[in-house]
Amino acid sequence: MAAVAVVALALVGVWIGRMMQPQAHQSGAELHALMHEGLDLDPAQERALEALERDFAARRAALETRLKADNAQLAEAIAAEHQYGPRVSAAVDATHVAMGELQKATLEHIFAMRAILRADQQAKFDAAVAESLAQTGQ
């Protein structure tokens, strides 16, 4: 019976970790589509964008791996402590740090993409980013 309780608590920990993990939302796809289809990028901009996307994909994957590991640590802490104890608290803090780093990396990527645009393209890009952020707050 104790094994069943430990498994149940571990599953609860995983569920909590997933709830805390930022979810990819459609706005990222919309911004990607705008960059490739709506801004009439010249060949040099296309090459720069491809490099930015390649670099960010690797960085994002590493940060998401770290976040998953932190969520697993949270599940283990919940299973071990069965309460909001020091291990659970530390695991929550680690998860928050990882989420923050992922958010910062995403913003750095957005600003890097903006930097390769001409002023007329930046205006469209800025409007799309502002709309995206307004929608995610709903």
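1. Helix 3, which covers residues 43–81 in this predicted model, has 39 residues, and at 1.5 Å a residue these should span 57 Å. The C-alpha atoms at its ends lie 56 Å apart, which agrees with that expectation.

2. Both ends of this helix deserve a look. At the start of helix 3, the backbone nitrogen of Ala44 has a side-chain oxygen of Asp42 within 3.0 Å, while just after the helix His82 adopts a positive phi of about 60°.

3. Helix 3 packs with helix 4 (residues 86–115) at an angle of about 170°, and their axes are 8 Å apart. Because angles over 145 degrees count as roughly antiparallel, helix 3 is roughly antiparallel to helix 4. Sorted by class, the contact between helix 3 and helix 4 comprises 21 nonpolar, five polar and eleven charged residues.

4. On confidence, the protein has an average pLDDT of 81, with 78% of the residues scoring at least 70. Residues 2–26, however, have a pLDDT below 50, and this stretch has 29 contacts in the model beyond near neighbours in sequence.

Methods
Residues numbered from 1 in each chain as written. Predicted model: local features only at pLDDT ≥ 70, side-chain atom pairs only at ≥ 80, totals over all residues. Heavy atoms only, no water. Helix = DSSP H or I, 4+ residues; strand = E, 2+ residues; numbered from the N terminus. Expected span 1.5 Å × (residues − 1). Polar contact = N/O pair within 3.5 Å; in protein donor to acceptor, adjacent residues only side chain to side chain. Axes fitted to C-alpha atoms, helices over the stretch in contact; angles between N-to-C directions. Parallel < 35°, antiparallel > 145°, perpendicular 65-115°, else oblique. Nonpolar A, V, L, I, M, F, W, Y, C, P; charged D, E, K, R; others polar. pLDDT = per-residue confidence, 0-100. Contact = heavy atoms within 4.5 Å.
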